[in-house]
Amino acid sequence: MSASGSVSTVSRDDHLVLSSEDSSSPVESELELGLGLSLGGGGFIKAQQQASGGGGGGGQYARILTAKDFSSVVSSSSCLSSSSSSLSRGDYVAAGTKRSSDSVAAANGSSQVVGWPPIRAYRMNSMVNQAKSVASEEYNSMMENKRKNSLVEKTTDVCSKNSASAKGRTSPFVKVNMDGIPIGRKIDLNAHGCYESLVQTLEDMFHQPTTPSFVLLGSSVQEPTRPSKLLDGTSDYVLTYEDKEGDWMLVGDVPWGMFLGSVKRLRIMRTSEATGLAPRLQESNGRQRNRPI
Amino acid sequence: MSYSSLPEDVLEHVFSFVQSDKDRNVISLVCKSWYEIERWCRRRIFVGNCYAVSPRMAIRRFPEVRSVELKGKPHFADFNLVPEGWGGYVYPWIRAMAGGYPWLEELKLKRMVVTDESLELIAKSLKNFKVLVLSSCEGFSTHGLAAIAADCKNLKELDLWESDVEDPSGNWLSKFPDTCTSLVSLNIACLGSEVSFSALERLVVRCPNLRTLRLNRAVPLEKLAHLLRQAPQLVELGTGTYSADLRPDIFSNLAGAFSGCKELKSLSGFWDVVPAYLPAVYSVCSGLTTLNLSYATIQSPDLIKLVSQCPKLQCLWVLDYIEDSGLEALAATCKDLRELRVFPSEPFGDEPNVSLTEQGLVLVSEGCPKLESVLYFCRRMSNDALVTIAKNRPSMIRFRLCIIDPQTPDYLTLEPLDVGFGAIVQHCKDLRRLSLSGLLTDRVFEYIGTYAKKLEMLSVAFAGESDLGLHHVLSGCDSLRKLEIMDCPFGDKALLANAAKLETMRSLWMSSCSVSFEACKLLGQKMPRLNVEVIDESGPPDSRPELPVKKLYIYRTVTGRRIDMPGFVWNVGEDSALRLS
């Protein structure tokens, strides 16, 4: 319910971030605050200007783009035209193009954004655990089930041994972020029995041929070479993780089982920023915390 | 004789027929004496946000409560948007209730952090404790459960709905003493590891009133028949793993056991389901009202065969393997259907893996006259379909649509889905809960603000174009209690213009929007009865004021800032300057 009987409207002229040129001028109306909230007109406007100047910028609100944002099928005026709406679809798409070039990569395929699609972690974990034992559409017997299981399991002895010890973990999904890429991913640690397997998956996940600036597998964008360069130190990036105490560590130093038990999330960090990783990073305000991302 | 001169005990007797919180609240406002009488005879309280009031205040006002229900974390915590350590600790409540409500019988918690210490305190202090429901909770292990089992002599219900339980090996089920015969409901479906089957069986055998038994995945199918024969009175059953070697003797044993369960109304579980074993439940299908197949990875033909035998079905949870054809069969058979939830089998795939479209939902809306609650994951939608659904089912109460790809337009016209959702809110006048998805402009929010007068909860993601959208909702939705928003271009204006509205709501969540830290501070300073909490794991939000706050959680409270905030949560109220310096 509106706070007072007066009509409150929001002027949209401040949303410059959403349109490079606001060709159709919006209805300009002042924002009215109901219930006599005396925020002090001047102060509020000032705050507004500050906020709108920076707050709306950066396109930070939409972290995922799909191909639809850039679809040429978007016919701007026909779908949204109405006398009160002055923002056309074209403006919205313009917002998309303002976002960082990294997001273009996201438009090419699915990206996993934290919180979307809205599926409970409990359900995701259950489905993942079932996927290990249910492989095909038409199987009728446990025997076939077992056979399929053995295909899915890791083939190396080390990996399968480690898989068994991984079962205790109740929430296998951890976030993975890579420096320079705004959209994080989630990875299921239970699906891997060893570091090699994990890193290969990560390299597949974050390897994007359309972004030449991103180099994970060495200094060229050719065919990825194996074994992984993330672990052997020849890449521009290193793989790090945050442990239960909040410290950032290099991946690979501890036994896999111990790693599984303490990892909270992963970060593919630029090598240049990874200096001094072993001792704790400190924030400038003296707070004893690491600075992720 | 006027109402106010009726003797107290008469009034109290009258009030005892009034169960709903809303009505009780209204009664307490009539006059001072009614307030007093009412507060002494209120037996159950529901606190939708555990930080809205302190346990001491609750106990002080309602001293004779027997049942408490609490909710902790914001709903979006379900989707990993709330970092670990955020809060929602139940221990302070339990400590207070150990002294203040020694006769407490029921505790129902949702999205809270429950420690073994809390459970042990319950077991030790509450002598008449009967019902424990831990829904989507975490922080405890089977050690805590062992304490409950051992010491709660009158335990009737133990329900661990989808909670995260640490499972150190320990035989906690056998801690139920032999004298415990009072169990009515046991839900351990979420437990990851094995429980002692013999302890389980002994428990089932000695509890003749057991109505609900939800087993965990570790209970093998071969043992299910045996359990069922010990408890043919069961009304609700959750199977364990539903797969075994194909053997006729196992099958006939199982089928026979099911046919003995004449009271069975609800089935769930079905992990790892082997289709060949499904016919074992056919004998109970004619009486089933609830069927949860949402973990059952079976294909449409098997689902159709099953569902076609359940004419009394009122509630179906299923994976999208059911496909449009299965939903067509559902619509033809289950004329009593009230609630349908269709979950995605492969939510992260790029391409659809099943033939489930908007058509399935349209068919169900046409064929099921009592349909009122929908949760539907799909990959395409059209305005036409939504309009049809709205016109078919104006009695819809909950409508949650998740089109998996964000900002997907109408697949026929490529337009936004504003008109479709607009039809939903226009026709479904009693709509209480709505979740939006697909391509949406500010227009849909205009519809919502105009028509959705009974809407209590709205979930929004990747929608809208400007603050006008948020403003429509905040200024128009008279009944709004909970609003949760992610990744929308909503900023300061609508929020600040509708600051007073926020005090009439339980909570507002905004993440990855365009709200500035400055606006948050302003809001926090001017609205002392709101807690404006900024969540930022990378450092103090005022160190980068030019960036929008990442996550914002605003809720009304009468107790001021909470004292258990972790380092990454900032309450930007009055003394925020002091705290951040």
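## An aromatic cluster in chain B

In this predicted model, one aromatic cluster is formed by Y51(B), F76(B), F79(B), W86(B), W509(B), Y553(B) and Y555(B). One member of the cluster, W86(B), also has a charged neighbour: R562(B) lies over the face of its ring, at 4.3 Å from the ring centre.

Chain B holds another contact of this kind. The charged end of R380(B) sits over the ring of Y411(B), and the distance to the ring centre is 4.0 Å.

## A pair between two chains

Over all chains, a search of the whole structure finds 23 aromatic pairs. One of them is made by W116(A) and F462(B): the ring centres are 5.5 Å apart and the planes meet at 85°, so the pair is edge-to-face, as planes over 60 degrees apart count as such.

W116(A) lies in the loop between helix 4 (102–108) and helix 5 (121–133) of chain A, while F462(B) lies in the loop between strand 18 (457–461) and helix 18 (467–476) of chain B, so this pair joins two chains. W116(A) and F462(B) are both buried.

## A pair within chain A

Y195(A) and F259(A) form a tilted pair, because their ring planes are at 50°, and the ring centres are 5.2 Å apart.

Y195(A) and F259(A) are both buried.

Note on methods:
Residues are numbered from 1 along each chain as its sequence is written. Chains are lettered from A and ligands numbered from 1 in the order in which they are written. This is a predicted model: local features need pLDDT of at least 70, side-chain atom pairs count only at pLDDT 80 or more; totals for chains, interfaces and linings use all residues. Side-chain values use heavy atoms; hydrogens and water are left out. Rings of Phe, Tyr and Trp (its six-membered ring) pair if their centres lie within 6.5 Å; planes under 30 degrees apart count as stacked, over 60 as edge-to-face and the rest as tilted. Helices (H or I, at least four residues) and strands (E, at least two) are DSSP runs, numbered from the N terminus. Buried means under 20% relative accessible area, exposed over 50%, partly exposed in between (1.4 Å probe, protein chains only). A charge sits over a ring if NZ of Lys or CZ of Arg is within 6 Å of the ring centre and within 35 degrees of the ring normal.
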